[in-house]
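Here is a brief report on selected local features of one protein model. Please view the sequence and structure first.

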Amino acid sequence: MKRTLVVGVDGSPESRAAADWAAREAVRRDLSLRVVHAWLWQPLAYPLAQDRDAEARRAEDILKETEGDLTHRYPGLTLTADVLAEPPVPALLRAAEDAETLVLGTRGHGALAGFLLGSYGRQVIAAAECPVVSVRSAHGRPVAPPERGEVVVGQQGGVAESSEVLRFAFEAAAAAGAPLRAVRAWYAPPVYGYGLGPMWSADRFGGLEPYEKAALEQALEPWRLKHPEVEVVEHVEQGGGGHVLLTAASDARLLVVGRRVRESSVGMRVGSVAHAVLHHSVCPVAVVPHP
């Protein structure tokens with residue numbers, strides 16, 4: 001069986017942009033595509049006219065329209081479409097359990113509540129076990145990523161910590177025949193010059209920047225060996241991770257970041273770098289869970 005890529009749709013321009021991106025990626029990587037729409041009949045607790053049959057037909061129409069459009073434009077695509085009788089978050093998480101990637105749409109610049117399923121998007125990104133790609137749409141129109149752009153990936157930590165992020169990025173670059181820009185942002189810690197650990201690292205490598213370059217090279221080495229066809233640009237820059245990545249990915253076709261999740265008073269939150277690029281990146285963003 002082919003591996004599967006899943007895209008959530010709701011009939012909006014944002015979800016159409018996500019479905020189009022997902023279809024192109026599925027054809028490029030020889031994946032099957034599963035289009036899903038979460039709809040569960042939930043009668044309201046206050047008096048308001050509701051037509052269950054009409055809403056059910058609307059859910060089916062969303063899938064038929066999406067399926068017909070994608071089949072017409074991507075004739076080689078293996079595609080299935082399903083209405084999921086569950087609330088959006090558990091429906092998408094269940095659909096993504098055996099998927100290579102889950103794709104969602106996002107509208108314009110602004111809060112993460114702009115995901116096509118509203119605040120549900122944040123919950124899905126934080127909880128999904130597979131990578132989640134957000135595809136931008138602004139002012140009701142899809143934002144088309146440059147087909148000749150780079151795949152940009154943010155690398156943090158050591159070899160093991162960044163393995164899944166780099167695997168996803170290298171595979172995406174290889175499938176698209178695109179160059180890969182590996183970005184590692186760094187800054188001098190406040191205790192630098194006082195703590196023995198930072199000073200020892202700096203002395204060993206000739207400074208903090210050479211140390212960061214060596215760490216990036218070490219993390220990239222196994223993936224360069226596995227994908228020798230991918231042209232790799234190493235990018236080490238001092239500054240905040242979100243700002244450095246957004247600048248590096250201004251003309252990118254895809255931006256790939258890792259996901260750290262922490263509890264907060266408002267629920268699960270992704271890490272600060274993922275949060276920043278999801279807010280402001282124009283190109284599609286892939287958020288990959290750390291192992």
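A polar contact is a pair of N or O atoms within 3.5 Å. Within protein, one atom must be able to donate a hydrogen and the other to accept it. The model examined here is predicted.

His-279 sits in helix H9, which spans residues 272-280. A polar atom of the His-279 side chain lies 2.8 Å from the backbone oxygen of His-275. Is His-279 buried or exposed? His-279 has a relative accessible area of 14%. The cut-off for buried is under 20%, so His-279 counts as buried.

## Packing of H5 on H7

Helix H5 covers residues 163-176, and helix H7 covers residues 208-226. The two pack at an angle of about 40°. Their axes are 10 Å apart. The angle makes H5 oblique to H7. The crossing of H5 and H7 is right-handed.

Which residues make the contact? H5 supplies Ser-163, Leu-166, Arg-167 and Phe-170. H7 supplies Ala-219, Leu-220, Trp-223 and Arg-224. By class, the contact of H5 with H7 has five nonpolar residues, two charged and one polar.

## Backbone at Asp-30

Asp-30 belongs to the loop between helix H1 (13-28) and strand E2 (32-38). What is phi of Asp-30? Phi of Asp-30 is near 55°. That is a positive value in a residue other than glycine. Most residues other than glycine have a negative phi.

Conventions: Residues are numbered from 1 along each chain as its sequence is written. This is a predicted model: local features need pLDDT of at least 70, side-chain atom pairs count only at pLDDT 80 or more; totals for chains, interfaces and linings use all residues. Side-chain values use heavy atoms; hydrogens and water are left out. Axes are lines fitted to C-alpha atoms, for helices over the stretch in contact, and angles run from 0 to 180 degrees between N-to-C directions. Helices (H or I, at least four residues) and strands (E, at least two) are DSSP runs, numbered from the N terminus. Angles under 35 degrees count as roughly parallel, over 145 as roughly antiparallel, 65 to 115 as roughly perpendicular and the rest as oblique. A crossing is left-handed if the near helix is turned anticlockwise from the far one by less than a right angle, and right-handed if clockwise. Contact means heavy atoms within 4.5 Å. Ala, Val, Leu, Ile, Met, Phe, Trp, Tyr, Cys and Pro count as nonpolar, Asp, Glu, Lys and Arg as charged, and the others, Gly among them, as polar. Buried means under 20% relative accessible area, exposed over 50%, partly exposed in between (1.4 Å probe, protein chains only).
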